[in-house]
Structures are given as structure tokens and as C-alpha cells.
Amino acid sequence: MKVTYFGHSCFSVEIGGKVLLFDPFIRPNELASHVDVASLRPDYILVSHGHWDHMADVVEIAGNSNATLICNFEIGTWFGGKGVKNIVQMNIGGKHSFEWGNVKLTSAIHSSSLPDNSYGGVASGFLISSEEGNFYYSGDTALTMDMELIGKYHHNDFAVLPIGDNFTMDINNALICADMIKCNRIIGVHYDTFPVIGIDKEAAVEKFVAAGKELILINIAASVDMEVRTKITAH
Ligand code: NI
Ligand code: MN
């Protein structure tokens, strides 16, 4: 599975020849100004919750690509009203099968309102299962005991977790989460975009190494192949 990072919590994963793009927030992100948003053609766009920093570019990218939006019921209805054509609406605990695998919505401990203050439903994360591998993207969340259920019942080859603190888990809570979900390969997101979520990247990577785990911090616009990676390094 090739993972490409677009800054903040936006990343894409290629599975079965399809491109899944998560939480697009690229145009407003100065750190991602070198990403060519107009050229992105994902097959699916997954939105974890209604906050601006997770969906700013959905209408543009869905319009260019005709991608199918996967999100909760309330966010799906809202984007339908913005002209997004193909939408799969789900809710927490539910699973939906696609040609390349399936998506299950997990609970996230976070808020979710849309930019016009409409109700965005409950913030979510995603469990992705496919023949090429499985992963967990938690979305914006606090550490929660629900993560133990994921470790108990879902094998994850890697997980994508927020590490920036203030709005979400910090690096220490992400380490505890990694234990709870029984996954030692973590891609960190939701850091450095704003001063309040700035982190010391080297110190964060060291903390994971000291715990016998791997923290992967991908440069914006760079890709990592999660199947062949074995070394513990920052990117
Ligand atoms: Ni949020
Ligand atoms: Mn956020």
C-alpha cells in the first residue's frame, strides 16, 4: 500500500489500483502550497468529521475526479447540498464493502460541526480492510478505551494517528494507542500545521524508537510504501 502525505491529516492510500484520499485540507495549508490540488484524481474521498481542516478541498477534488465520498450521514447530506454527486453515507459501527475492500466507521472522541455550523454528526475514524492489508485511521480523537476493541478484533498493518496535542492526542497518547491497537507502525499526522500543534519531530520519533515502535513522519508530497518499509526512521 503506497501512502502519500499531503500535509495536516490529508493522505492517500493506493489499494487494489484505487486511490483513497483522506481528509483533504491542502489549499488552505501553507505547508502544502507545493501540492497541485487540481491534478488530484482519487477514486474515493473519506472525511472523518466536519471540521474545516479535514474537508476544505472536498468539493473541488470530488468535482474534478468524480470520486465517491465516504463519510457519516450528516456530512454526506451536507456535501450532497454542495453538489457532490457520489456519496456513501455511513455511521459509527457500520461497515460498507467496496470492490477493493471494506470500510468500517469507528468512534472518535472529538466534536464535529460543519463550516456553516450545521450539525456534523459524531466524529469518526476508519478501519480499512483489504487483500493488500489493513489499517486504522483514527481521525481527530482523544485516547479512548474503545481502541482496545480495535486491538482485540482488527489486525492493522499500520495506523495513522494524530500526534499534535491541543486538539487531539499528543505523542505520548499516540504511543499508548499503539499499544492498545497492537500496532507498532504508526504514521503521525495533525502536527505542525498551526503553531499550537507544533511538535519536535526528532524527539517524537525517538520516543517511538525507545518503545520499540516506528513513527513515520512523511514529508509533504512524498510517498512511503508501507509493505516494504522495515527501518525506523523519520521522513
Ligand atoms: Ni477536528
Ligand atoms: Mn483537526
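Which residue in β9 stands opposite leucine 105? Phenylalanine 126 does.

First, the ground rules. This is a predicted model, where local features need pLDDT of at least 70, side-chain atom pairs count only at pLDDT 80 or more, and totals for chains, interfaces and linings use all residues. Residues are numbered from 1 along each chain as its sequence is written, chains are lettered from A and ligands numbered from 1 in the order in which they are written, and side-chain values use heavy atoms, with hydrogens and water left out.

Now the nickel ion, ligand 1. Its protein donors are His49 (NE2), His51 (ND1), His110 (NE2) and Asp140 (OD), at 2.2 to 2.4 Å. A donor here is an N, O or S atom within 2.8 Å of the metal (3.2 Å for Na, K and Ca); water is not among the atoms, so sites may look incomplete. The spacing in sequence is H-x1-H-x58-H-x29-D. Histidine 49 sits in the loop between β4 (44-46) and α1 (58-65), and histidine 110 in the loop between β8 and β9, 61 residues apart, so this pair links distant parts of the chain. Helices (H or I, at least four residues) and strands (E, at least two) are DSSP runs, numbered from the N terminus.

Why is the nickel arrangement called irregular? Because the four donor atoms subtend angles of 86 to 177 degrees. Tetrahedral would need all four-donor angles between 85 and 135 degrees; square planar for four, or octahedral for six, needs opposite donors over 155 degrees apart and all others between 65 and 115; anything else is irregular.

Next, the manganese ion, ligand 2. Asp53 (OD), His54 (NE2), Asp140 (OD) and His190 (NE2) coordinate the manganese ion at 2.1 to 2.2 Å. Aspartate 53 is in the loop between β4 and α1, while histidine 190 is in the loop between β12 (185-189) and α5 (201-210), 137 residues away. The two metals are 3.1 Å apart, and aspartate 140 coordinates both. Aspartate 140 lies in the loop between β10 (133-137) and α3 (146-153).

Histidine 49 is at 0%, so it counts as buried. Histidine 190 is buried, also at 0%. Aspartate 140 is buried at 2%, and aspartate 53 is buried at 14%. Histidine 110 is at 23%, so it is partly exposed.

Back to the strands. β8 is largely enclosed by the rest of the structure, because five of its seven residues are buried. β8 pairs with β9 in the antiparallel sense over six bridges. Strands pair if DSSP finds at least two bridges between them. On the other pairing, β7 (residues 95-98) runs antiparallel to β8, joined by four bridges. β7 and β8 form a hairpin with two residues between them, and serine 97 stands opposite asparagine 102.

Then β11 (residues 158-162). Five of its five residues are buried. Phe158, Val160 and Pro162 cover one side, Ala159 and Leu161 the other. β10 pairs with β11 in the parallel sense over three bridges, with tyrosine 136 opposite alanine 159.

Last, tyrosine 119. It lies in the loop between β8 (101-107) and β9 (124-130). Tyrosine 119 is exposed, at 57%.

Terms used: Buried means under 20% relative accessible area, exposed over 50%, partly exposed in between (1.4 Å probe, protein chains only).
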